[in-house]
Amino acid sequence: MEPLVIAGKAFQSRLIVGTGKYKDGAETQAAIEASGTEMVTVAVRRVNLDRSRESLLDFIDPQRYFLLPNTAGCYTADEAIRAARLGREVGLSDWVKIEVIGDLPTLYPDVQATLEATRVLVKEGFTVLPYTTDDIVFAKRLIDAGAAAVMPLGAPIGTGLGLSNINNLRILRELITEVPLIIDAGLGTASDAALAMELGFDAVLLNTAIAGARDPILMAESMQHAVLAGRQSFLAGRMPRKLYATASSPLEGISK
C-alpha cells in the first residue's frame with residue numbers, strides 16, 4: 001500500500017497516536033508499540049523537557065517513532081506559538097500539531113486563533129498540522145496559510161462518539177485534495193477508525209479511544225487493523241447500494 005506522505009515525509013502507518021491518559025509510561029510504551037504507528041504526538045506543555053526526572057520521552061524511542069509536538073492546553077494563538085517554539089528549541093521537532101481551544105466545555109478549537117498561529121509558524125519554517133473543525137471555509141484558509149495537513153475533529157475531544165458530522169466530513173474529503181486530511185478526535189472504537197478511512201481520509205489520529213479502553217494494548221492493536229482495513233476498503237471501492245435483492249449465485253446454467 002502506498003505510504004502516507006506529509007510535507008514530503010513518508011509514513012507506512014496511517015495511524016497516529018497520542019500519549020496522554022495512560023496509567024504509566026510502561027503502558028504508554030506498550031500501546032504505542034501495539035498500534036503499529038510511526039508518528040506519536042506529545043504535548044509540549046505536559047512533558048518534562050529538561051529530563052531531570054522521569055519523563056514521557058523516556059518511553060518513546062526517537063529512532064523508531066517520529067515525534068509530533070502538540071500545543072494542547074493552549075487557549076490563544078500566542079500561547080500555541082510559544083509552545084511550538086519551545087518544542088523546537090529543546091530539540092523535539094520543527095513539526096507541530098497546532099491546537100488552540102476556544103470553548104472549555106466542548107474543547108472545540110478556536111479556528112481564528114488556529115489560523116493566526118498557523119500563519120506565523122509556517123513563516124518561521126515549521127511544518128504545521130492544525131486541529132480544526134469540519135468548516136470547509138477555514139480548512140481552505142489553513143491550506144492557503146501553508147498547513148501541511150488539515151485535521152478536522154470527528155467529534156469533541158475525548159467523547160468517543162465516533163463520526164458525528166459525516167456529511168460535513170464528506171464535503172471536506174471531496175473538496176480538499178491539496179494536502180492530507182486526518183481525522184483527529186472523537187473516535188471511540190475500531191469501527192469508527194475504519195469508517196473514517198472508508199470515507200477516504202488519509203489517516204486517523206487518536207488517543208483516548210486507546211488509553212480509555214478497558215484493555216488499551218488490545219485496543220491499540222485493533223486500531224492498527226481497523227485503519228488498514230478501512231484504507232483497503234476505500235481503495236477497493238464498495239459495491240453499489242441497491243433497494244432490492246440480487247442473487248449471489250447467477251441463475252444462468254442452473255439445472256432444472
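Here are a few friendly notes on this structure, going from the overall fold to one strand.

1. Please keep in mind that this is a predicted model, where local features need pLDDT of at least 70, side-chain atom pairs count only at pLDDT 80 or more, and totals for chains, interfaces and linings use all residues. Residues are numbered from 1 along each chain as its sequence is written, and side-chain values use heavy atoms, leaving out hydrogens and water.

2. Start with the overall fold: the protein has 8 helices and 12 strands.

3. How much of the protein is buried? Buried residues make up 51% of the 256 residues, where buried means under 20% relative accessible area with a 1.4 Å probe, counting protein chains only.

4. Now zoom in on strand β9, residues 127–132, where 6 of 6 residues are buried. T127, L129 and Y131 point one way, while V128, P130 and T132 point the other way. In a regular strand the side chains alternate between the two faces of the sheet.

5. Which neighbours does β9 pair with? Strand β6 (residues 95–98) pairs with β9 in the parallel sense over 4 bridges, and K97 stands opposite L129. Strand β10 (residues 151–152) is also a parallel partner of β9, over 2 bridges, with M151 as the bridge partner of Y131. Pairing requires that DSSP finds at least two bridges between two strands.

Notes. Buried < 20%, exposed > 50% of the residue type's maximum accessible area, 1.4 Å probe, protein only.
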